[in-house]
Amino acid sequence: MSEKKEKTDRDLVKEHPESYSFETELPFPPMAEAPLIEERYEIIDGIRYDFSPSPTLKHQLLVTQLWYELHETCHATGTVVVAPMDVHLDENNIVQPDLIYVTNENASILKTRIEGVPDLLIEILSPSTGEHDKVRKKALYERFGVPEYWIVDIHHRTIDQFVLRDGAYALERTYGSAGAILSERFPCVAVQPGKLFSALDKFE
């Protein structure tokens, strides 16, 4: 088996053991001295995680459709943002969720970037980020008190809805293609998974 085929999710979400914060000097030159290459990475507990390769077409189609559905019903009560957008939970934890929902009551965290804890975060799994999203980031969002977290599985066409209760995430429900995703915390939410996933049919 070739070296390329032996790559695991951990190889693709590359971990850099160096610690990062706004006060520490990053181990790469400033933008004025480096080629203009857009990088996507996150910092969790001071460790930088690079993302490679870029998201797939199916991933981006789901991001677009999810944004549309959430914006359509929730734009009056909050703001829906898509990646890439840095969410600064604190100086050592900076993430880029696929979708972010911030209620009007929480709008003070909306600055040049998002500085604070959003109300709903959504991650769409890909081969390169599955473990990262389901384990590492889920634990991080739980620790910082993100009220609701969804994990979208493209391959199995399911959506796991986690709700924060007593400081820990509880799986509220796993949705397939039938019905609609509702949220007790956010009454505006009425996402139809079947409609979301049907956008992928033409690429099967």
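Tutor: Let's take it feature by feature, beginning with the ground rules.

Tutor: This is a predicted model, where local features need pLDDT of at least 70, side-chain atom pairs count only at pLDDT 80 or more, and totals for chains, interfaces and linings use all residues. Residues are numbered from 1 along each chain as its sequence is written, and side-chain values use heavy atoms, with hydrogens and water left out.

Student: How many helices and strands does the chain have?

Tutor: Helices (H or I, at least four residues) and strands (E, at least two) are DSSP runs, numbered from the N terminus. Here you get four helices and 14 strands.

Student: What order do the strands of the open sheet follow?

Tutor: Two strands pair if DSSP finds at least two bridges between them. In this chain, six strands make an open sheet, running β4-β7-β9-β10-β11-β12, with mixed pairing. The edges are β4 (78-82) and β12 (168-175); each has a single partner strand, so one side of each has no neighbour in the sheet. From one strand to the next, the twist averages 15°; for such angles, axes are lines fitted to C-alpha atoms (for helices over the stretch in contact), and angles run from 0 to 180 degrees between N-to-C directions.

Student: In which sense do β9 and β10 pair?

Tutor: Parallel: β9 (residues 120-124) and β10 (residues 148-153) are joined over five bridges. Look for Glu 123, whose bridge partner in β10 is Ile 151.

Student: Is Asp 98 buried or exposed?

Tutor: Buried means under 20% relative accessible area, exposed over 50%, partly exposed in between (1.4 Å probe, protein chains only). Asp 98 has 5% relative accessibility, so it counts as buried. You'll find Asp 98 in the loop between β6 (93-95) and β7 (99-103). A contact means heavy atoms within 4.5 Å. Leaving aside neighbours within four places in sequence, the contacts of Asp 98 include His 59, Val 81, Ile 122 and Glu 123. For the chain as a whole, 42% of the 204 residues count as buried.

Student: Which residues touch the most other members of the largest nonpolar core?

Tutor: In soluble globular proteins, nonpolar side chains tend to be buried together. A nonpolar core is a set of buried Ala, Val, Leu, Ile, Met, Phe, Trp, Tyr and Cys residues joined through side-chain atoms within 4.5 Å. The largest one here has 24 residues, and Leu 66 and Trp 150 touch the most other members. At least two residues come from each of α2 (57-74), β7, β9, β10 and α4 (193-198), and α2 gives the most, with five. A second, separate core has 20 residues, among them Val 81, Val 87, Val 146 and Tyr 169.

Student: What does Leu 66 touch?

Tutor: Not counting residues up to four places away in sequence, Leu 66 touches Leu 99, Ile 122, Ile 124, Trp 150, Val 152, Val 191 and Leu 196.

Student: Where is the cis peptide bond?

Tutor: Check omega: from Ala 83 to Pro 84 it is near 0°, and that bond is cis. Pro 84 sits in the loop between β4 and β5 (87-90).

Student: Which residue other than glycine has a phi near 50°?

Tutor: That's Asp 45, with a positive phi, in the loop between β2 (41-44) and β3 (47-51). Asp 45 is partly exposed, at 45% relative accessibility. Arg 157, not a glycine either, has a positive phi of about 55°, and its place is the loop between β10 and β11 (158-165).
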